[in-house]
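Please read the points with the sequence and the model side by side.

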Amino acid sequence: MKIGHVGLLIAIIAFGVICGPRAFAQQHKHVMMSTDVAADTPSPVAQADQPTKPSAGTQASPAAMPMSSHAPTIFTLRTGIAEGRVVFIGIGGDIDRQINPTLIVHEGETVQVNLINGEGAQHDVVVDQYAARSAIVSGKNASSTFSFVASKVGEFDYFCSIPGHRQAGMEGLLRVMLGSRGEMESTAADVTRDPADLPPPIGPRQPQVVRVDMETIELKGQLDDKTVYTYWTFNGKVPGPFVRVRVGDTVEVHLKNREDSLMIHSVDFHGATGPGGGAEFTQTDPGTETVVTFKALVPGIFVYHCATPSVPNHITNGMYGLLLVEPEGGLPQVDREFYVMQGEIYTVEPFGTPGDQEMDYEKLVGERPEYFLFNGSVGSLTRAHPLYASVGETVRIFFGVGGPNFTSSFHVIGEIFDHVYPLGSVTAPPLTGVQTVSVPPGGATIVDFKIDRASRYTLVDHALSRAERGLVGFLKVDGPENDDIMHAGPAKP
């Protein structure tokens with residue numbers, strides 16, 4: 001880079017620092033739209049719920065195009081100097097390290113843009129045709145975020161509005177594609193456990209011997225759109241199979257480790273009394289089978305997981321599930337039951353990096369996950385397997401945390417739990433009218449609620465930053481939208 005160019009760049013940035021805010025205020029009148037948290041791209045089904053989109057060239061009002069604040073497509077840009085220019089540099093995902101990257105989204109998606117100041121001069125980012133912009137960030141590492149709904153199809157500029165910065169190189173392209181985003185691109189196996197995949201209630205019957213067959217399978221699975229990870233699983237899915245017995249049953253577990261496995265695996269049932277919850281008797285070499293039998297002495301909802309060293313390594317790779325020991329006579333009847341578990345994955349590369357990702361042991365023991373997930377993958381409960389119900393139905397969610405490290409503050413946005421069985425106990429009276437329930441790693445709970453209004457409800461951990469690392473799900477409810485419960489605008493006379 002020539003000395004003259006360096007001097008010009010410094011002069012441009014200095015001018016922007018001194019004159020930028022006032023000049024910006026004189027030249028632009030943008031409406032800034034903020035967002036709470038983010039996660040995965042919306043599913044086509046979720047988008048179908050949105051009203052008809054405005055025609056190109058018109059601005060979507062909040063009433064006409066509601067923002068899905070918990071499911072945006074996220075882009076992170078850092079300001080910097082590269083190739084003799086002041087530029088935006090992409091961080092993470094498909095735009096990682098790209099200069100002024102093209103941001104590709106689909107019609108109807110909520111777009112979140114994060115701006116990080118990389119060198120200390122004043123900057124912002126503006127999408128002029130959408131009347132959307134960030135705040136001005138002045139100090140190094142200062143950041144701002146904004147969001148908007150991609151209601152217009154076409155190609156639109158984004159740029160820094162500080163005088164001289166766009167001309168110096170701070171501009172890129174937003175491309176809005178026609179139609180909704182397709183299903184998650186599949187380059188590896190779908191390891192996601194459908195939350196509706198669980199056996200029916202047992203109800204009143206006498207205790208008996210229940211055989212449970214489990215196979216440990218190591219396979220490459222789809223972690224994110226273009227990200228593949230080697231999972232270790234029970235029966236090829238995350239979480240493992242939902243095991244359902246009643247108190248007093250004798251449970252005979254056959255654990256087979258597939259022949260092509262590299263690792264020894266085992267299973268520890270928190271609902272079993274005995275050495276290692278069964279792990280001592282089920283350390284199973286590849287190509288072999290072990291058997292353990294235990295008595296279901298205590299009713300409740302319990303986690304099970306692999307207990308072969310390194311135990312957190314086996315758990316983070318997907319080896320966890322739930323065991324329900326029903327009380328005598330069973331649980332109160334509901335219309336729909338779902339099976340959801342939360343876990344973490346610790347990859348070498350940052351969240352969203354495409355390609356085949358490996359586990360990072362230092363991040364694991366340092367408790368620095370790249371991904372927080374429901375049922376094993378990003379988009380598992382939004383695009384791949386959302387939960388479905390109808391107005392008037394009662395819903396039960398069996399929720400557990402495989403972890404291995406983080407407590408969940410489980411919450412369904414827009415709903416209140418009618419009954420919560422704290423810490424998985426079904427012998428004590430349930431709590432009523434609960435907003436959020438804490439579930440520790442290796443713990444579980446049961447929540448029940450009745451659906452009174454049609455909507456799309458969002459499952460989150462209310463440590464909401466985790467939604468931006470994959471932890472989000474949808475409960476889609478069909479039926480009437482009861483305005484007496486909630487409606488836009490003032491109270492009706």
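Is Leu 423 buried or exposed? With a relative accessible area of 68%, Leu 423 is exposed, because the cut-off for that class is over 50%. The points below start from this residue; note that the model is a predicted one.

1. Leu 423 and its backbone. Leu 423 is found in the loop that runs between strand E24 (417-421) and strand E25 (431-434). Its phi is near 60°, which is a positive value in a residue other than glycine.

2. Glu 83. A positive phi, of about 55°, also occurs at Glu 83, again not a glycine. Glu 83 sits in the loop between strand E1 (73-82) and strand E2 (85-91). The relative accessible area of Glu 83 is 63%, so this residue counts as exposed.

3. Asp 225. This residue belongs to the loop between strand E10 (209-224) and strand E11 (227-234). Its relative accessibility is 19%, and because buried means under 20%, Asp 225 counts as buried. The side chain of Asp 225 makes a polar contact of 2.7 Å with the side chain of Arg 383.

4. The strands on either side of Asp 225, E10 and E11, belong to an open sheet of five strands in the order E15-E13-E10-E11-E19, with mixed pairing. Strand E15 (289-295) and strand E19 (355-357) are at the edges; each has a single partner strand, so one side of each is without a neighbour in the sheet. On average, neighbouring strands of this sheet are turned by 30° against each other, direction ignored. Strand E13 (residues 250-257) and E15 run antiparallel and are joined by seven bridges. Within that pairing, Val 251 has Phe 294 in E15 as its bridge partner.

5. The four-stranded sheet. Another open sheet has four strands in the order E12-E17-E16-E14, and its pairing is mixed. Its edge strands, strand E12 (243-246) and strand E14 (268-269), each pair on one side only. E14 and strand E16 (residues 300-305) run antiparallel, with two bridges between them. Phe 269 has Tyr 304 in E16 as its bridge partner.

6. Strand E18. Nine of the 10 residues of E18 are buried, which leaves this strand mostly covered. Eight bridges connect E18 with strand E22 (residues 394-403), and the two run parallel. In this pairing, Gly 343 stands opposite Gly 403. E18 is also joined to strand E20 (residues 371-374), by four bridges and in the antiparallel sense. There, Ile 345 stands opposite Tyr 371.

7. The cavity. How many cavities of 30 Å³ or more does a search of the whole structure find? The search finds one. The largest cavity holds about 40 Å³ of space. Its lining is made up of Tyr 231, Val 238, Thr 316, Gly 318, Tyr 320, Gly 343, Glu 344, Ile 345, Leu 373 and Gly 376. Strand E18 (residues 336-345) gives the largest share of this lining, three residues. By class, the lining has five nonpolar, four polar and one charged residues.

8. Cis peptide bonds. Val 238, one of the residues lining the largest cavity, is joined to Pro 239 by a cis peptide bond with omega of about -5°. Pro 239 is in the loop between E11 and E12. A cis peptide bond also joins Gly 403 and Pro 404, where omega is about 25°. Pro 404 is in the loop between E22 and strand E23 (408-413).

9. Strand E29. Five of the six residues of strand E29 (residues 473-478) are buried, and the strand is mostly covered. Strand E21 (residues 387-390) pairs with E29 in the parallel sense over four bridges, and Tyr 388 has Lys 476 in E29 as its bridge partner. Strand E28 (residues 455-461) runs antiparallel to E29, with five bridges joining the two. In that pairing, the partner of Tyr 457 is Leu 475 in E29.

10. Pro 441. Pro 441 is placed in the loop between strand E26 (436-439) and strand E27 (444-450). Its relative accessibility is 30%, so Pro 441 counts as partly exposed. Pro 441 and Gly 400 are 41 residues apart in sequence, while their C-alpha atoms are 8.0 Å apart in space.

Key
Residues numbered from 1 in each chain as written. Predicted model: local features only at pLDDT ≥ 70, side-chain atom pairs only at ≥ 80, totals over all residues. Heavy atoms only, no water. Buried < 20%, exposed > 50% of the residue type's maximum accessible area, 1.4 Å probe, protein only. Polar contact = N/O pair within 3.5 Å; in protein donor to acceptor, adjacent residues only side chain to side chain. 1 Å grid on protein atoms, 1.4 Å probe; cavity = no way out; pocket = protein on both sides within 12 Å on 5 of 7 lines; lining within 4 Å. Points joined across faces, edges and corners; volume = space filled by probe spheres on them. Nonpolar A, V, L, I, M, F, W, Y, C, P; charged D, E, K, R; others polar. Pairing = 2+ DSSP bridges. Axes fitted to C-alpha atoms, helices over the stretch in contact; angles between N-to-C directions.
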